[in-house]
Each structure stands twice: as structure tokens, then as C-alpha cells.
Amino acid sequence: MQNVTITEEQQLQDMLDWALAGQKTLSLQGSGSKTPLGRPVEADAHLDLSGLSGVTLYEPAELVMRAKAGTKLVDIRKTLAENHQMLAFDPPDYGPLLGGAAGLATLGGTFSCNLSGARRVKAGSARDHLLGVTGFTGRGQAFQTGSRVMKNVTGYDLCKLVAGSYGTLAIASTVTFKVLPAPEKIRTVLLYGAMLQDAVALMRDGLSSVHDVSAAAYLPADVAARLSINQVCESGKPVLAMKIEGPGPSASFRTEEIRILLGAKGEVEELDQENSDAFWRFVGDVSPFVGSEKPVWKLSLPPANAAAVVMAITEKTPARMYLDWGGGLIWLEMTDAPDDGGAAIVRASLAGAGHATLIRGAEELRRRIAPFQPQALPIEKLNVRIKNAFDPEHILNPGRMYPLDARGAGGDA
Amino acid sequence: MQMPKPNEDVIRKRGKLVAALRHILADPAAVIDDEAALRAFECDALSAYRQLPMIAVLPSTVGEISEILKLCASEGVNVVPRGAGTSLSGGALPLADGVLLGLGKFNKILEIDYDNRCVVTQPGVTNLAITDAVKADGFYYAPDPSSQIACTIGGNVAENSGGVHCLKYGLTTHNVLGVEMVTMEGEVIRLGGKHLDAEGYDLLGVITGSEGLLGVITEVTVRILRSPEHVSAQLIGFPSSEQAGDCVGKIIAAGIIPAGMEMMDRYAIQAAEEFCHAGYPLDVEALLIVELDGPEVEIAHYQAKIDRIAEECGAVVSRTSASEQERMIFWAGRKAAFPAVGRISPDYMCMDGTIPRGALPKVLARMSELSKQYGLRVANVFHAGDGNLHPLILFDANNPGELEKCEAFGADILKLCVEVGGVLTGEHGVGIEKRDLMGEMFSEDDLKQQQRLKCAFDPDGRLNPGKVFPILHRCAELGQMHVHNGELPFPDIPRF
């Protein structure tokens, strides 16, 4: 395999022409921080897009930014912070979780994997914020979809397909996305000692309240103990957390209301801005499970099912877990995983409602089992056709999501 | 505007098709072939274009829909799905050789699930009925297109409908969690559910806004939100549209995302005021309605900031609603702007481009030049927060040539939107209305790529043909690959 550093969009066209003419395959990466996510890719040439970098348009009053795909999130955040703005979907940094360094994640990788953090439950996903994409399809053709405006229903919304396709449909070289004002004030209210079932109900109440809770998570005592916020890790108790944001007077008012709601159930505490940031980074970046190589699963499910699903799994195999998205997201680290990394147990526990993704797993495991949720047959048939519509020769990231992406696989062309 | 030429072979077998459809549907009256009865379906809200369908069917079950689609697929018959027929872009315009598939009988809410903060509903339920079903418990469904009393949730998904509150709460696509749909091949599939961000290619995301070209939606799961504790609206009047536009930009730049931010120009203000006496100031060139929601302390905090910004921008009038009743009156004028304009002109055509907000002065100036050039008046209402323009072009269809003149004027406005970096349609859809302008925004290759997606769902192009795409390519032709002679792996690229 040869490595090719891309610094201009034209090089992408050239590489695609080369691959199409010679029946070669291409693997894509930004900084590589998410390369260990999904099925391992083997390709004839490896394209490094981290050199395609820089913000090309930013209009704070129009809430829009455009940047090249290799631009690092840390740089985007810095630029936005100068105008008191943010990426509202709270993109996580899985670098350390996957055994790499922090701070490397790029825009292209974040949108291609559709990764969102704790605020997703209120603000929407990465995909929801993607307004436009330019790049190239696997047909070797320049490709453009969406625009720079918020409201656009002109033609199919192909941004949605590009987001979450892990580079298997098109190479995104430039992305345009929505940005939002950063809140003036951020607080987090913690409740100590809640049991799992009660915590799920309380998070439902918080997220269904008028108080505009922007994130809700639950950390069992063993997970909370790993936080670097003294009062939390020393409590020795499970922690339920709700995030409140807004202009000063509003955030104070809402924090007080949430303190009253949770205070009726036990001991509460309030985190200031700095500790709130640290807390939600810990949750979003899956920091509790950093430092081991054990399989980590991410389950998206109807939030009311969270307690039952956790119990169904932990009855069968030992695991550490915590909840985000008000229970709609379960993070699991399999501490003594069966041979399949826990895939069968985890997926059976969902009983058809939701999906489970292996976020961390040894290369050998990711090759052997399905890291992404297997799809129902009629949907798989559509996926094959969509793959063939964008990348008929299967040259882009072959096999990254499903075996069907791989060369030579893939049914009715 | 031309539709694909009807297939005479299909029309000739109409009788056979009616019999086969009556065999599928439990209720024989649900297959309509009588001309007078078919008349009810001849157009949607873009009533300048009319066409009787060959046959209309009103199924009651998903199984029936699946069988109807299988029959049409095997007989080579086109199908046009229809909700309440409120499309402003002709999305539900029937075809002379097509079956019109009405979803009006799918009118039940199936489940209200507060534990998961969502509602599961059949597609024929109206947008407002969802909010009505959960209102007593303090919840609502956020997207609120102005036709919400009549438009259905299935149609909202097909068109990715917006509304005045989508600045803060998003479009339909941001509020739908799952759908069940039937493909043209008759397969029933479920996309998403009560969980977030379903894995694999985002089929739910592309179905939303696909204008009935990819599948027939038979069930929708939407998220519901807690109704805000307080809501307040403010009217702010300016001596010029530029100042009003400037104020909108400054409010957002100050970190405030109002629940809604609407703008009307002098002509629209006057028409609305005459129609429903909302108390709008008549001596201003532009009027903003800014709505805030949340706790009282937050509203007061933002209102003070907005007052300062408005004053800096040269506002001459500012009034805040003192009661819920007054807030509703403020909105009544805006919501009635279309019929109000309809009263002062025999006909009008509503455009729907979106522009980067900064381009507003340029677009308004150019629009008034065009108005003079075409000799047709324009009233402007504008979802100012997100740059979505609704110029209403006034004309009289009884004057020979005036409809064509109005269409040409409208096309010029939309081309202008694209020229300044915007888009042809913000919320009404392409349908037939903007179909022939798609080339202004997309290259031939991009349009072909979009049609390849269509081919993945509907390889024979049976669902709603003639809408959205100006040229229909055969899927086999779109599938071909043209490989360049790229033998050279470009020696000048650095490798390591």
C-alpha cells in the first residue's frame, strides 16, 4: 500500500482516475484518530487528507462556517470561541479511547462518522448540522450537495447520506455546517446515590421539563470514581447529572429548578462552568474507558429501555457501563468479553429496538464480527444499490462498514 | 411546464387495472374511476396546474398499499402519493396515466409515548393534530408550517416542511425519529425508530424531503417537546428593509436565537393589516415579529438586549405583546399574509427561495427593479432568521400572458437567490414548479447523482415521475461508468 498526502482537491480527482483505470482501491483518513473504528480496510493506496485544511468561510451572524475536511476540530473550536460560538452537537474526541492522542479529530472524520456528544439529545446530531458537502464520488466525478443556508429542500438531501457513511460513498473535501451561539453560562446539577431505574425516570423528567436540560447522564459509582473532579470521584456513589445552559439569569433560575427536582431524591451538588466542561468532556469522549483494550460498545436505544437492557447484558457477562442522552445512549466496556466481544449478548438485549456499534475492539475482532449493526434484508438491498450508485467499482474504503462495501461483494449492481 | 407524455398503452388497460385494484382493496368504493369523483384530486395547492388522475385509490392498510405498488410495478403504471394535497409546488399533481394513492384513511395517532418523548402516528394525521393530542399534557410537535391545520405529517416528511419556528427548533428532518415506508417494489421497511441516529446509510434522512419519489410513507415517529412556560412576541418597525435586515443579523450575532423571527415589507404589512387588523404600524417600510420563549427571566433578559439592538438599527416602533391574546393577534396578520395578499389581487404566486441573509439588500433592490421591468407588483414576507424569502407576485390570470410573465418573474427571483449563494426552495419543495430551474443550482453530474439515488429505491422510475428532475434519465444509462485514461499516478504528489 502506498501513502499519498493530499494537499489539493485536484489530487483527489487524479487518485480516483488512477484507481478507476487500474482497478485499485483507496482508503481515506483525516488525522487517523478514528481509523480503529469499524472494519479494517485494506486498499492499494492510502489517502491522507489532513493537509486539506483551513476555514474558507465564516459568517458568525449567519451561523455558518465552511472548512476543508482535514481541518482539526480544536482549530475550529478556537475560531468559533473568538465569536462566542460553538458546534452545538458537541463532537467527541475518541482519540484516547482508541489508543491515540487527544486533539487530532478532524471535521471530515467527525461528519463522515456522524459523531455527536452529550448535547446531541437537545441540539441534534453532527448530521443535522451539515449544510453542504463538496467532494468526489467513487465514480470519479466532482460532487456537490446542499448549500450554505439553513433552510434548503432543493433536491435530495445527500448530506445526510455522506454523514455516517464512513467514506464509503464519496470523498468529502469541503464541508459547510451550521454553528450556534455558545451559552453565556453553563451549570451542571448532580444527584448522588440514585439507582439505575430511578435515574432513567429522573432523566426523562428533566428532559421533559420546561427547563431546557441540554444533556443528561448517569454514571455508576465505579465510573464516577474515575472523574478528575474531586467532589465527584470521592463520593463513592453513582452520579446523575443534568446540564443547564443559557444567559446568566435564565441559567441560574433553571439550575435552581433542577436542584429542587433532584433535591427531592437525595443529595445534590452544582458544578461550575469549568467543572461542567470537564464533566461533559469525560462523558462525551468516553474517558471512563480510556486506557484499556477491552471491547467498548455504543448502544443507541429508546431511553425508557435503558435499565432493562443494561440488566439483560450484565446478567450474562461482566461489563462496566454508563448512560448518556437521558438513557438513549449506553456505553459499555466488556470486562471479560466472550469470544465475539459480546456482540450476540449486546445485540440480543436490544430486542430489535435500537442499534449497537463496536467502537473499540482488536483488529482481529473487528474483522471477525460486525462492528456496525447488521441491517434487515430489504434495507441491506437498498444499501448495496446506494453504494453502487456512488461507488460502483467499490474503490472507496472497501469493507469499512459492511462486507458489502468490499470489492467483488454486493449483489445487484 | 410540461409533464412526461402519458403512456397510451397504460391508459388503454385502465379497466383491467380498476378491476385488479378492486380485487386488492377491501372497500370497492376506495377505487375511484368516476370523472366527477376524480376531480377532487386534480390539483394540490399549486392550483395553476391541473390534471385528472387515471385512477385514484384510498387504501386503508399497509398491506393494501404494498399490493397496489406491486401491481403498479408489474403493470408498468406510475404512482403519485398524496396526503392532504396542500403542496405549494405541485408535488401531488396527478398524472394522466398514473394511479393517485391517497393516504387520507391513515388518520390515526398510534401511540403517545412520554417515556421516550415521541408520538407514533399514521401519515394522514394532520400536523396540528399531533400537537393537539399532547397539548393537555404540556407537550407539542415543533415544526409548524402555516398550513398545519390541514397538511399531514406524511406530507411534511415528504417535503421536509419548515414553519416559523424552525430557526430554533429545526425542520421536519430534525424532528422525525423513524418511518415505516413501502418501496415501489412493495417491500415494507422500517427506518429509525424511537432511538437516535439509526446506523448505516441514513435512509431516513434522504426519505425526508424526497417529495414522494422514493417510497410511500405509512407510519411516522416524531419527537415531541415540552411547551415553553412563557412566550412573548415583539413588533419592531423600521424605515427601511435594510435596517430591519441589519437588526436581524445583530440579534443573532449577539447570541440570541429567537423562537421565530419574521419580516414583512410595506406592501405585505398593509395587506395583512387591512385583512385582519393586527395593529401593525402602517408608516414603516419593514416590520419584524420577534418571538421569544422560555422562563420569564430569560425573555426579559433577551428583550432588553433586543430593544437596544433595535434602537441602534433605527427602529421607529416597538411593541411587546402584553398577553397571550395580543401575541396571537400579532401572529394573525403574518399567518394571514397570503390570503390577505390574495384579497388585493386576483391571483398571486408565492416564491420560496432562501438566501444568505447578508444578501438581503441586494436581493430586495434587484427584486424591485424586476417588478418594474415585468410590470407586476411584489409583496414580501420573509422568515428573516433563516433567510427564507416568500415574495408574493401579484397578477391576473385573466389577462392574456400574465401567468407566463409571472412565471418568468418568479424564475428570475429564484435565479437571483442562487446567484447570491442561496437555493431555489427553502421549504415548499421543487415539485413541478421549480423543476426546470434545477440546472441553475446543480450541474448535470450532480443531478444525475441525485437520480441514481432515485434508481436505488425505484429502478423503473414509477413513483411520482415528472417532479423534481427536469430530465428523466433511464437508470441503466445512469449506471454506466466513464473511466478516464488515468494511468498516471501523478509523480508530483509527495509520498512517504
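Predicted model: local features only at pLDDT ≥ 70, side-chain atom pairs only at ≥ 80, totals over all residues.
1. A residue is called buried here if 20 or more other C-beta atoms lie within 10 Å of its own.

2. The largest nonpolar core has 277 residues, of which Ile330(A), Leu332(A), Cys247(B), Leu288(B) and Ile393(B) touch the most other members. Leaving aside residues up to four places away in sequence, Ile330(A) touches Leu299(A), Leu301(A), Ala306(A), Val309(A), Val310(A), Met321(A) and Leu323(A).

3. As for the contact between the chains, chain A brings 82 residues to it and chain B brings 87 residues. On the side of chain A that touches chain B, helix 15 (residues 377–390) of chain A gives the most, with seven residues. The residues on that side of chain A divide into 36 nonpolar, 30 polar and 16 charged.

4. Helix 11 (residues 273–284) of chain A has twelve residues, which at 1.5 Å a residue should span 16 Å, and the distance of 16 Å between its end C-alpha atoms agrees with this. Its buried residues are Asn275(A), Ser276(A), Phe279(A), Trp280(A), Phe282(A), Val283(A) and Gly284(A). These buried residues pack against five strands of chain A, namely strand 11 (185–192), strand 12 (215–219), strand 13 (239–246), strand 14 (268–271) and strand 16 (319–324).

5. Two residues deserve a look for their backbone angles. Most residues other than glycine have a negative phi. Val286(A), however, which comes just after helix 11 of chain A, takes a positive phi of about 55°; this residue lies in the loop between helix 11 and strand 15 (296–300) of chain A. Val286(A) has 23 other C-beta atoms within 10 Å, so this residue is buried. Asn397(A), which is not a glycine either, has a positive phi of about 40° and is found in the segment after helix 15 of chain A. With 28 C-beta neighbours inside 10 Å, Asn397(A) likewise counts as buried.

6. Chain A also holds an open sheet of five strands in the order 4-5-9-7-8, with antiparallel pairing. Strand 4 (55–59) and strand 8 (142–146) of chain A stand at its edges, and because each has a single partner strand, one side of each is left without a neighbour in the sheet. On average, and with direction ignored, neighbouring strands of this sheet are turned by 15° against each other. Within the sheet, strand 5 (residues 64–68) and strand 9 (residues 170–178) of chain A pair in the antiparallel sense over five bridges, and Lys68(A) has Thr174(A), in strand 9 of chain A, as its bridge partner.

Notes
Residues numbered from 1 in each chain as written. Chains lettered and ligands numbered in written order. Contact = placed C-beta atoms within 7 Å. Helix = DSSP H or I, 4+ residues; strand = E, 2+ residues; numbered from the N terminus. Nonpolar A, V, L, I, M, F, W, Y, C, P; charged D, E, K, R; others polar. Expected span 1.5 Å × (residues − 1). Buried ≥ 20, exposed ≤ 12 C-beta atoms within 10 Å, placed from the backbone. Pairing = 2+ DSSP bridges. Axes fitted to C-alpha atoms, helices over the stretch in contact; angles between N-to-C directions. Core = buried A, V, L, I, M, F, W, Y, C linked by C-beta atoms within 7 Å.
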